[in-house]
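Visitor: I would like to go through the aromatic contacts of this protein with you, step by step.

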Amino acid sequence: MLRQQRNIPLLAEPNQRTYNIIYMYAREETLTSPRPLQGRRGRYLTLGCKLNFAETSALRDRLEQLGAVNVGRGEEADFCIVNTCSVTGEADHKCRQAIHRLVRENPGAVVAVMGCYAQLRPADVAAIAGVSLVVGQERKGELPTMLCRLLAGEAQEAVCAGRRADIRTFVPSCSCGDRTRYFLKVQDGCNYGCTYCTIPAARGRSRNGSIASLVQQAEEVAQRGGREIVLTGVNIGDFGRTTDETLLDLLRALDTVEGISRYRISSIEPNLLTEEIIDFCAASRAFMPHFHLPLQSGSDEVLELMHRRYRTDLFRRRVEQILSKMPDAFIGVDVIVGARGETEERFEQSARFIASLPIAQLHVFSYSERPGTRALSIPHVVTPQEKNRRCHRLIDLSEEKRLNFYKRYTGCERNVLWEHRAGWTDNYVRVLAPTDNPPLEGSISRVRLARLNEQGDAFCT
């Protein structure tokens, strides 16, 4: 257990009145050695979204530059980093389980916890025996310095979480980890007030990097041989709020970076996906025919209760606009089932609407009560058993839509970027590499999609 719940006096407390954009881990000038972690063994665990993955991967890259060595499960580590999620109650539970497991498997290691759960519930995380450091969103850029000081015995265990109002800094991250695709963080935080969501409290208000800094990171990816970049963020469509730029300006600038063959937008709110953005992606050199849109419900009454900023007519129009310009586009959709206020009638309305959409796949989430959210005041609570039934129904619908989408391309030729003996077409069909002559990882090749296997993946010839 932490001996004290206070900030480590490693660095001056930020006195910020505006949003700052800094390069990740820029506050390390106080480290006396260029490789203070030489030979130190580290383990990293990411829970949650692609944004968390990008941040963990970038942190691992930086700690390896400081001399750390990455070890896997079964190998005892000197320090462990856990990047947490708190989107649901189940996510909180998984975070606690993961932390306990790492502490148990790595006795004596410095265990540092960051991410949304660490920001929202720092005292709960600090109370877990074996946790050495709890770092909130504003100070995660200082984690390498804090870790070095802890391992050197120069600092005490501490909680560095802070208030939501103090989260002002945009900390860029761009890394591929052990994957082929790079994940570039372009935006963080959210100004929306959806009644079910804790993310604004966990990540602060919307902020972003500058186009110039993001283009520079994309150019560095190209220099390292990267071919595909996934743009990540909390609310990507809100890009530019802190730099007086626009998402369309960013897309245009990234499209000119030589060496990058593919970009994907990880997720974008339907009300922020403009016709101009759709038109640009359709005509661009490198943006793939692949979109991910959060719907959350196909019932306008539930969308109103959620305080979503669109209704089903706009959502359908966006899907139709995408497919009118990019008929082969893969469109993934987020849906929450069992939210407060989702009566049986409203769920049936939502299911019918979703079934009628010409989309490729659903990501189905079961609603979870989150402390402090306004959704708790909405009447009509859905039972866990009913949530489970609704969830499975939409998962079955998702698989039906995905298989139908994949079957459309059986016998067609598509370009595939290969990763770990499988790959993804430009329009996001998963393809298995031939076992007799597997392509080079990270390469892009044109293949013909053959039959699907029992799992629904495509073979190629």
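Guide: Rings of Phe, Tyr and Trp, the last taken by its six-membered ring, pair if their centres lie within 6.5 Å. The model is a predicted one, and among its aromatic residues one cluster is formed by Phe330, Phe405, Tyr409, Trp424 and Tyr428.

Visitor: How many aromatic pairs does this rule give?

Guide: Pairing is decided by the distance between ring centres, with 6.5 Å as the limit. Counted in this way, the aromatic pairs number nine.

Visitor: Are the planes of Tyr44 and Phe79 stacked or edge-to-face?

Guide: The ring centres of Tyr44 and Phe79 are 6.0 Å apart, and planes over 60 degrees apart count as edge-to-face. Tyr44 belongs to strand β2 and Phe79 to strand β4, 35 residues apart. Because the planes of the two rings stand at 85°, the pair is edge-to-face.

Visitor: Is Tyr44 buried or exposed?

Guide: A residue counts as buried under 20% relative accessible area. Because its relative accessibility is 18%, Tyr44 counts as buried.

Visitor: How many residues apart in sequence are the parts that Phe53 and Phe183 tie together?

Guide: Phe53 and Phe183 form an edge-to-face pair, with 5.0 Å from centre to centre and 75° between the planes. Since Phe53 lies in helix α1 and Phe183 in strand β10, the pair ties together parts whose separation in sequence is 130 residues.

Visitor: Which residue lies over the face of Phe53?

Guide: Phe53 itself counts as buried, at 13% relative accessibility. At 4.0 Å from the centre of the Phe53 ring, the residue lying over its face is Arg179.

Notes:
Residues are numbered from 1 along each chain as its sequence is written. This is a predicted model: local features need pLDDT of at least 70, side-chain atom pairs count only at pLDDT 80 or more; totals for chains, interfaces and linings use all residues. Side-chain values use heavy atoms; hydrogens and water are left out. Rings of Phe, Tyr and Trp (its six-membered ring) pair if their centres lie within 6.5 Å; planes under 30 degrees apart count as stacked, over 60 as edge-to-face and the rest as tilted. Helices (H or I, at least four residues) and strands (E, at least two) are DSSP runs, numbered from the N terminus. Buried means under 20% relative accessible area, exposed over 50%, partly exposed in between (1.4 Å probe, protein chains only). A charge sits over a ring if NZ of Lys or CZ of Arg is within 6 Å of the ring centre and within 35 degrees of the ring normal.
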